[in-house]
Amino acid sequence: MPYLTKPLILGFVLLYSLVVAGGCRKQHGHRVRRWTGSVESPTQTQTQTQTVKHGPSLAKKPPDVTKSRKVKTEHLLKVDDHDFTMRPAFGGPAIPVGVDVQVESLDSISEVDMDFTMTLYLRHYWKDERLSFSSSTNKSMTFDGRLVKKIWVPDVFFVHSKRSFIHDTTTDNIMLRVFPDGHVLYSLRVTVTAACNMDFSRFPLDSQTCSLELESYAYTDEDLMLYWKSGDESLSTDDRISLSQFLIQKFHTTSRLAFYSSTGWYNRLYINFTLRRHIFFFLLQTYFPATLMVMLSWVSFWIDRRAVPARVSLGITTVLTMSTIITGVNASMPRVSYIKAVDIYLWVSFVFVFLSVLEYAAVNYLSTVQDRRERKMRERERVRSQSLPCTCGISQTRTMTMLDGTYSEADTNSLAGYTEEPMSPDMEQEEMHEVPEKPEHMVVHLSVSSESTNTKKKKSMRSLNIMQNTHAIDKYSRMIFPGSYIFFNLIYWSVYC
């Protein structure tokens, strides 16, 4: 009996050990399955608690995939699933691309280079169904310039542009906004320098019209239809835009088709603006100094004709000053082959100044010739007076000799007291030998009463004093030059203003 009891105890202990080992294995397996499962966030736990608390009638709000961090942009927009080297709806009708522009500044206008510089915001609108995505909130997504290189965008360029660049401070000034239905807004900030065909025939009283032209480089009107998104309202400007030399009159938009013989027809958009030049600057810098130089040249008409240094220096100074003004104006202008309005005014003023110098040259020459004749006349009269007999006893009449039809008051007074005497044959022969080259030379003896001489002296005293130091050309120039210049100004400003 003791032998049977011992095996039974051992068997019972072994069975109990197996039962305990099996229970531990089950408990350990349950723990492994619980920790290897997904970890619930506190938000999900709170949502489950609220669902249980309020009942099954409140459904869970689906998450917005556009705001989810688990989805990449390439996966959301399906960039890798499409070939964006081709335009949207490739092979179908032309894709419409709307454009609007906001002019930020009109930086400069260059007459020498005949161009202008403008900074603007250029925006494109089109629809690409390949970029559509699902969104319960119907909100758009905004990206910077890094995504632009991975999708299709319109290839718009500026016609007749010389230089252009996209601003890159602090990053590239590019914005891309994609809507859930596939509509795209593409905006960039650009500074462009473009050519402007200017007409300077009325400079500086001119108005210039310049255009900034936009066009697709590769796609014809059969593939891409470029248009202004809101008509004339597609162009907006800053009210603070101003230029130093121009007044901006108006901005407006137009569009037309452009034809290239080798590629076809293209849609072209125009940003037109009209500029009117401010005249006040040129009045102070050009017109007013030129007018003063012309008026200064008239001062020489009132200076004694015998003051040669004063009149010559004044004429040369005004001529050189006018040359400097003309050179300064042309230095800031392009070398055009036609005459500008300012050229007409400056060159006419230069001609007036130059004619004043020539006027004094003529006055000086004629004065020299007159003085030479008077000197010869006085020498001849002195010789003749020495050969005439004295008739000083007769006081009623006096003899006056006129040579070549000219005489002066001094000569008349010096010959008073001589009667008419016939010339001897010897004197006539001597006179003939002295002036053989003047067959018209003759000697005339006139009898002038002393009373008539005194009357004429009183009447012409003032005029003779003036004519002694002033030539007749100076007297006429004082009226002709100012009157002609005023008449020119009236015609000039009535035509160009």
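**Strand β7 and its partners**

Analyst: Strand β2 (residues 115–127) pairs with β7 in the antiparallel sense, over 13 bridges. Two strands count as paired if DSSP finds at least two bridges between them. Strands (E, at least two residues) are DSSP runs, numbered from the N terminus. This is a predicted model, where local features need pLDDT of at least 70, side-chain atom pairs count only at pLDDT 80 or more, and totals for chains, interfaces and linings use all residues. Residues are numbered from 1 along each chain as its sequence is written, and side-chain values use heavy atoms, with hydrogens and water left out.

User: Which residue in β7 is the bridge partner of Lys127?

Analyst: His183.

User: And how many bridges join β5 to β7?

Analyst: Strand β5 (residues 161–166) runs antiparallel to β7, with 5 bridges. Ser164 there has Val192 as its bridge partner.

User: What about β6?

Analyst: Strand β6 (residues 174–178) is also joined to β7 by 5 bridges, antiparallel. Met175 stands opposite Ser187. The β6–β7 hairpin has 4 residues between the strands, and Gly182 takes a positive phi near 100 degrees.

User: Why is β7 largely enclosed?

Analyst: Because 10 of its 13 residues (183–195) are buried, meaning under 20% relative accessible area with a 1.4 Å probe, protein chains only.

User: Switching to His167: buried or exposed?

Analyst: His167 is buried, at 18% relative accessible area. It is found in the loop between β5 and β6.

User: What is His167 in contact with?

Analyst: Leaving aside neighbours within four places in sequence, His167 contacts Thr119, Asp172, Asn173, Arg189, Val190 and Thr191. Contact means heavy atoms within 4.5 Å.

How values were computed: Buried < 20%, exposed > 50% of the residue type's maximum accessible area, 1.4 Å probe, protein only.
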